[in-house]
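Have the structure open while you read.

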Amino acid sequence: MAALICGAATSFSQQPGALARLSVVSMRAEPRHSAEQVSQALMGTPCIILEKGQDWSRVQTPDGYEGWIINHSLAFKSPREMDQWANSRLMMVTAPFEIHDADRRTDLVHGDILQAVGPDSLRLPDGRMILAPKDAIMPLADVQARPFDASLLPLWAEQYLGVPYVWGGLSSKGMDCSGLVRMAFAAQGRTLPRDAWQQALEGREVPADSLRPGDLIFFGRKKITHVAIYAGNGEFIHASELVRRNSLNPTSPIYLPLPPIKARRRINP
């Protein structure tokens, strides 16, 4: 996610756009609060404006996802401002759970992107200045430069155990199954497509008897409807009712009878 957010932002610089200005912004199927939440955009996510209305805008995020975001959740930018943001020193929130800035002016979640201004200050997409805990942020470039290690994905996912399931969710405030997988990859500066069926097209397929920690297991009957991260010893971590650990082993007390379709392995995304 982080790599996609930053990399795609420069390609947005030829047209007006917007940045998500809150820690977590809902993207809806229609321009109304009661409409289905199709996904979320985290703070600093660049958006192409496909259609701007009085109260809502239809946007496209760097992963190609489209949805409606209420205008007060966006910081609208000129092409020049979008370019300046993309090419500035950006920082990523790396704390797994929600934090606040020093003055509690805003909350922040893992994956939020802010602009570094001087040694201590950070600028939010809407121009507000804050101070954030130094141990909770990292230069985005450093996150992206980390070597990828698939075996660490279960450790990142484990940090979210107990987080409630939210359809379209993409943060520690609530996430769905593919959102959990995306967040585990984002912790290593990597990105995956949004939905489980799209994630199933990534990497190479591996047989069920050769699973390694970090492999993605896809479930469903006639089509893929669920994804989990294999954690070893027959167990997997996934978001279902909440982020939890279950087992493929019928004799395990945490066995969950889901119909697996296939597994995929990412070596160096």
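**Notes on the cores and rings**

1. Start with the largest nonpolar core, which has 29 residues; Leu180, Leu216 and Val243 are the ones that touch the most other members. Keep in mind that you're looking at a predicted model.

2. Where does this core come from? At least two residues each are supplied by α4, α5, β18 (216-219), β19 (226-232) and β20 (235-240). Helix α5 gives the largest share, with 6 residues.

3. Click on valine 243 next. Setting aside neighbours within four places in sequence, valine 243 is in contact with Ala157, Tyr160, Leu161, Gly162, Val163, Met175, Leu180, Ile237 and His238. There's also a second, separate core of 14 residues, and Ala95, Leu124, Ile130 and Ala136 are among them.

4. Now the rings: you'll find 3 aromatic pairs in the structure. One of them is stacked, with phenylalanine 148 and phenylalanine 185 at 5.5 Å centre to centre and 20° between the planes. This pair links distant parts of the chain, 37 residues apart: phenylalanine 148 is in the loop between α3 (140-145) and α4 (153-158), while phenylalanine 185 belongs to helix α5 (residues 177-186).

5. The cut-off for buried is under 20%.

6. One last thing to look at is lysine 52. Its charged end sits over the ring of phenylalanine 76, 3.9 Å from the ring's centre.

How values were computed
Residues numbered from 1 in each chain as written. Predicted model: local features only at pLDDT ≥ 70, side-chain atom pairs only at ≥ 80, totals over all residues. Heavy atoms only, no water. Phe/Tyr/Trp six-rings, centres within 6.5 Å; stacked < 30°, edge-to-face > 60°. Helix = DSSP H or I, 4+ residues; strand = E, 2+ residues; numbered from the N terminus. Lys NZ or Arg CZ within 6 Å of the ring centre and 35° of its normal. Core = buried A, V, L, I, M, F, W, Y, C linked by side-chain atoms within 4.5 Å. Buried < 20%, exposed > 50% of the residue type's maximum accessible area, 1.4 Å probe, protein only. Contact = heavy atoms within 4.5 Å.
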